[in-house]
Amino acid sequence: MGVIYVLWLRELRRYTRSRVQIVASLGQPMLYLFVLGFGLGAVFKQAGRGSYLQFVAPGIIAMTVLFTSTFSGIALLWDRQFGFLKETLVAPVSRFQIMLGRTCGAATVAMIQGMVVAIICFAAGFRPTDVTMLPVAFVFLALTALVFAAMGTAIGASLKDMQGFQMVMNFIVMPIYFMSGAIYPLDHLPAALTIATRLDPLTYGIDGLRATLISQPHFNMTIDAIVLIVSALVLVSLGAWRFSKIEA
Amino acid sequence: MIHVENLTKKFDDFTAVDGVSFDVAAGEIFAFLGPNGAGKTTTIKILTTLLSPTSGKLEIDGLDPTRHQHEVRKRFGIVFQDPSLDQELTAMENMDIHGALYHVPGKIRRERSELLLKTFELWDKKDAFVKTFSGGMRRRLEIARGLLHTPKILFLDEPTLGLDPQSRNQLWTQVKYLNQHEGVTVFLTTHYMDEAERVASRIAIIDHGRIVAIGTAQELKDKTQKPSLEEAFLALTGTALRDESSNAAERMRQMARMWRR
């Protein structure tokens with residue numbers, strides 16, 4: 001337990017100390033929030049779907065969680081060659097503990113980032129419909145963060161050098177975001193896109209957030225929670241397996 | 001303390017280490033000297049459980065590193081060729097994490113951290129971030145950290161690479177001091193002849209994955225009938241240049257250098 005805790009704490013310390021990075025990483029979600037939130041607002045309203053800002057805010061929060069958690073997972077690659085990872089790999093502790101400590105740390109950082117964006121959304125005019133559901137929304141945020149932190153670890157442990165990073169960005173992270181229903185409603189989609197959205201774990205994270213924050217679920221909370229928990233288990237196992245295969 | 005018999009490591013069709021055998025006695029300072037790509041780092045990685053050998057027999061303090069990984073890991077400290085400190089943390093925080101990873105109890109951890117940081121003249125800087133440290137300070141901190149859990153063996157993989165003569169001198173003085181006072185066995189690799197001659201009790205010259213000669217500096221000079229270790233080394237390994245093919249790690253190393261400034 002001690003090992004998982006110190007590695008978790010390390011991720012948190014690194015996060016709280018890199019203020020520039022915190023501010024920089026808020027740029028993209030804010031751009032999406034303001035440009036999309038206000039840009040598409042009029043069309044969305046005319047289509048009779050209410051406020052687009054209300055609709056898109058959970059998607060933007062989830063996007064932040066997705067990006068932050070996958071990136072800190074992928075940072076593993078850097079750490080492996082020029083950093084602290086080797087120090088942990090020769091220590092008399094199991095790889096699984098190391099992987100879990102790092103992944104939980106990355107997930108926690110992503111959650112904090114997600115909450116900061118939630119506050120920005122609130123400032124921009126986003127209002128949760130039921131305040132008593134906030135703790136449940138928090139659980140969905142945590143599950144989403146864990147799923148993608150584990151995915152990032154699995155990817156970071158599999159890449160050989162930084163060249164692969166762009167591939168991951170364009171063929172994994174961005175598709176996960178755009179196929180999740182973060183920025184559009186899930187009904188009346190073409191069949192292919194419907195299938196893609198159903199296969200994307202982020203869809204269920206966002207749906208869980210929409211269910212709890214704006215009471216507009218597409219599926220329902222139970223389904224969302226089950227899919228996320230199963231995805232988390234699968235991806236943590238995958239991450240642990242990939243991590244155990246790292247040869248320094 | 002270290003026993004290696006017929007160690008071989010193959011990567012696909014390339015043989016990095018080819019039937020290497022040697023012994024290192026307890027309390028000894030043993031140097032691996034060789035050109036680039038000779039198999040020095042690969043040998044260290046195998047001895048420290050980071051790579052598994054293709055074949056051969058290994059013993060660290062009487063234990064097989066491939067089977068008793070955790071037990072072996074408790075027995076050695078290592079300083080890698082590439083830095084492995086967390087630069088966003090302070091010197092003391094780096095020591096603390098190491099202590100936690102090696103299950104060193106809190107009280108001992110604090111006492112030993114203080115002793116080691118004082119030995120390596122870093123105590124004043126214990127709360128400074130590692131990213132503000134010079135190359136020499138970082139190396140010293142890595143060695144101090146590697147000794148925190150009182151290992152029996154200290155592995156140093158080209159610890160003085162890129163350091164100025166003052167830092168190199170200081171580093172070896174401190175390593176020798178700890179070797180004498182704590183009896184820690186030191187296994188080091190380097191391509192600086194003068195260092196090997198100055199600190200090591202015995203030297204193995206390795207080339208193309210094979211040990212070409214082994215003995216004290218004097219024995220190597222006598223064997224080749226050369227006046228200096230450098231000439232003995234060239235006589236044994238030839239003067240051909242070694243062009244290492246660039247691999248993923250080397251490309252990342254280049255990128256890291258680029259980003260550092």
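Me: What makes M151(A) count as buried?

Reply: A residue is buried if 20 or more other C-beta atoms lie within 10 Å of its own, exposed if 12 or fewer, and partly exposed in between, with C-beta atoms placed from the backbone. M151(A) has 28 C-beta neighbours inside 10 Å, so it counts as buried. Keep in mind that this is a predicted model, where local features need pLDDT of at least 70 and side-chain atom pairs count only at pLDDT 80 or more, while totals for chains, interfaces and linings use all residues. Residues are numbered from 1 along each chain as its sequence is written, and chains are lettered from A and ligands numbered from 1 in the order in which they are written.

Me: Where is M151(A) placed, and which residues is M151(A) in contact with, leaving aside its neighbours within four places in sequence?

Reply: M151(A) belongs to helix 8 of chain A; helices (H or I, at least four residues) and strands (E, at least two) are DSSP runs, numbered from the N terminus. Once neighbours within four places in sequence are set aside, M151(A) is in contact with T70(A), G73(A) and L235(A). Contact means that the C-beta atoms of two residues, placed from the backbone, lie within 7 Å. Also, the C-alpha atoms of M151(A) and G239(A) are separated by 6.5 Å, though these residues sit 88 apart along the chain.

Me: Why is helix 7 of chain A called oblique to helix 8 of chain A?

Reply: The axes of helix 7 (residues 95-124) and helix 8 (residues 134-158) of chain A come within 8 Å and cross at roughly 130°. That makes helix 7 of chain A oblique to helix 8 of chain A. For the cut-offs, angles under 35 degrees count as roughly parallel, over 145 as roughly antiparallel, 65 to 115 as roughly perpendicular and the rest as oblique. Axes are lines fitted to C-alpha atoms, for helices over the stretch in contact, and angles run from 0 to 180 degrees between N-to-C directions.

Me: And what makes helix 4 of chain A and helix 7 of chain A roughly antiparallel?

Reply: Helix 4 (residues 52-74) of chain A packs against helix 7 of chain A at an angle of about 155°, with the axes 8 Å apart. Helix 4 and helix 7 of chain A are therefore roughly antiparallel to each other. By class, their contact has 14 nonpolar, seven polar and no charged residues. Here Ala, Val, Leu, Ile, Met, Phe, Trp, Tyr, Cys and Pro count as nonpolar, Asp, Glu, Lys and Arg as charged, and the others, Gly among them, as polar.

Me: Over in chain B, why do strand 5 and strand 9 stand at the edges?

Reply: The sheet is open, with six strands in the order 5-6-7-3-8-9 and mixed pairing. Strand 5 and strand 9 (210-215) of chain B each have a single partner strand, so one side of each is left without a neighbour in the sheet. Two strands pair if DSSP finds at least two bridges between them. Strand 5 and strand 6 (residues 153-157) of chain B pair in the parallel sense over four bridges, and F76(B) has I153(B) as its bridge partner in strand 6 of chain B.

Me: Which residues point which way from strand 5 of chain B?

Reply: F76(B) and I78(B) point one way, G77(B) and V79(B) the other way, and all are buried. In a regular strand the side chains alternate between the two faces of the sheet.
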